[in-house]
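Dear colleague,

Please read the notes with the coordinates open beside them.

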Amino acid sequence: MMMDAGRARRARRPSSVRSGMLESSVVKPPIRLLAADIDGTLLNPEFQISEVDLAGLRRAHREGVEVILVTGRRHKFALPIAEQLGFDLWLISSNGAITRSLCGETFHRDMLPLETCRKLCATMREFRGNTVLTFDMESKGAIVLEHMRELNTSIQRWLEENLQYIDFVIPLEKSLITDPVQAMFCGRIERMHEALTLLAASGLENDITVLRTEYPVRDLSIVDVLSQGCSKGHALERWAKYRGIPREQVMAIGDNYNDIEMLAFAGLPFIMGNASEELRGRGWAVTLANDQNGVAAAIEQVLGARVGV
C-alpha cells in the first residue's frame, strides 16, 4: 500500500520532538537528510560495511539526521545491508524506481512501461545474452534472463546470491505480462559501451532513462534502463520534498555514474576517493576511498569531529 506524505513525515520526527520538547532546546545538525549509495561507497572492496562507517551512520541517526540508502540494487538484495545499520530507515532501490521501508511499506514506484520494454528488447537483440529484466516481486521470476553464459564472468557473485529469484524465459518477451522495474545489460566495459551506442541510436530517448555503473578493476559495466525521468536524484528529490527538507540540508555520498543525479541534487554532495578521475573532477567534495572509511570521513566533515575522539 502506498504511504501518504503525512504519515511519512510523522514516522521520522526526532524522538525529542515527539516527546514534546521545544525545538529551540534541541541542537540542530547542519543537515537533516543523508543519502548514501551502497556498492563502492558504503561497502568496502570485501563487500562489507566497516565498523567505522557503521559508527558514523549511527552517529548521524542519533543526532537527528535521517539516513536513507540509495542504491542500484533491488530492494530485497539491499535489505541485508540496511539491516546492519541497526535503526529504522527507508531505501531508494533500483536506481530510484522504488522507495520502500525496511518493513516493506511502499512510498513510490516508477515502473518501466511494458510496451517500452518490448521495444527495448527488440532493439537490443544482439545483447540478448547480456540482458536481465527485474520485476517488483520477491519470488522466483523477480529476475528474468534467457541464459547465464555471457553473464557468469561479469556478475557471477550477484547471480549466485540471487539464484532463488531467477527464472529463465526464452524469449525474454514472454515474461512481459506486467511492467518490469527495469532492464539491465551487464558485461565487460567495452561491450557495454557498444550497448550504450546502440541505445543512443534506438529512438527511445523520450521513453527511457539510461544509467551506467562501471567498475574498472573488475572490468564490469552495468547499463540500467528505467522509465523516463527515473533516477536516484529524482527519487531523492521526491523524498526530500515530502519530508519538507530543502536540498541545502541534504547530504549525499556516491561513487559512480549512476549517482550523478543524486549528487547534483544534494546541497552537500561527496564523491568517494575511489571514484573515477572524471567524477572526482566535477567539483564535488572528495572524501576518502571505500577501503578507508570514506562515508564516516564525510560525515565527520559535516557534523564535526566527535568529542574525545
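A residue is called buried here if its relative accessible area is under 20%. The model is a predicted one, and with that cut-off W90, which has a relative accessible area of 4%, counts as buried. F107 falls under the cut-off as well, because its relative accessible area is 5%, and W239, at 1%, is likewise buried.

A search of the whole structure for aromatic pairs returned four of them. One of these is formed by W90 and F107, whose arrangement is edge-to-face, with 6.5 Å from centre to centre and 80° between the planes. This pair links distant parts of the chain, since W90 belongs to strand β3 (residues 90-93) and F107 to strand β5 (residues 106-109), with the two residues 17 apart.

W90 also pairs with W239: the ring centres are 4.9 Å apart and the planes stand at 40°, so this pair is classed as tilted. Here, too, distant parts of the chain are linked, as W90 lies in strand β3 whereas W239 lies in helix α9 (residues 232-243), 149 residues away. Together with Y242, the residues W90, F107 and W239 make up one aromatic cluster.

Two arginines deserve a separate mention. R73 is placed over the face of F77, at 4.3 Å from the ring centre, while R218 is placed over the face of Y215, at 4.9 Å from the ring centre.

Definitions and conventions. Residues are numbered from 1 along each chain as its sequence is written. This is a predicted model: local features need pLDDT of at least 70, side-chain atom pairs count only at pLDDT 80 or more; totals for chains, interfaces and linings use all residues. Side-chain values use heavy atoms; hydrogens and water are left out. Rings of Phe, Tyr and Trp (its six-membered ring) pair if their centres lie within 6.5 Å; planes under 30 degrees apart count as stacked, over 60 as edge-to-face and the rest as tilted. Helices (H or I, at least four residues) and strands (E, at least two) are DSSP runs, numbered from the N terminus. Buried means under 20% relative accessible area, exposed over 50%, partly exposed in between (1.4 Å probe, protein chains only). A charge sits over a ring if NZ of Lys or CZ of Arg is within 6 Å of the ring centre and within 35 degrees of the ring normal.
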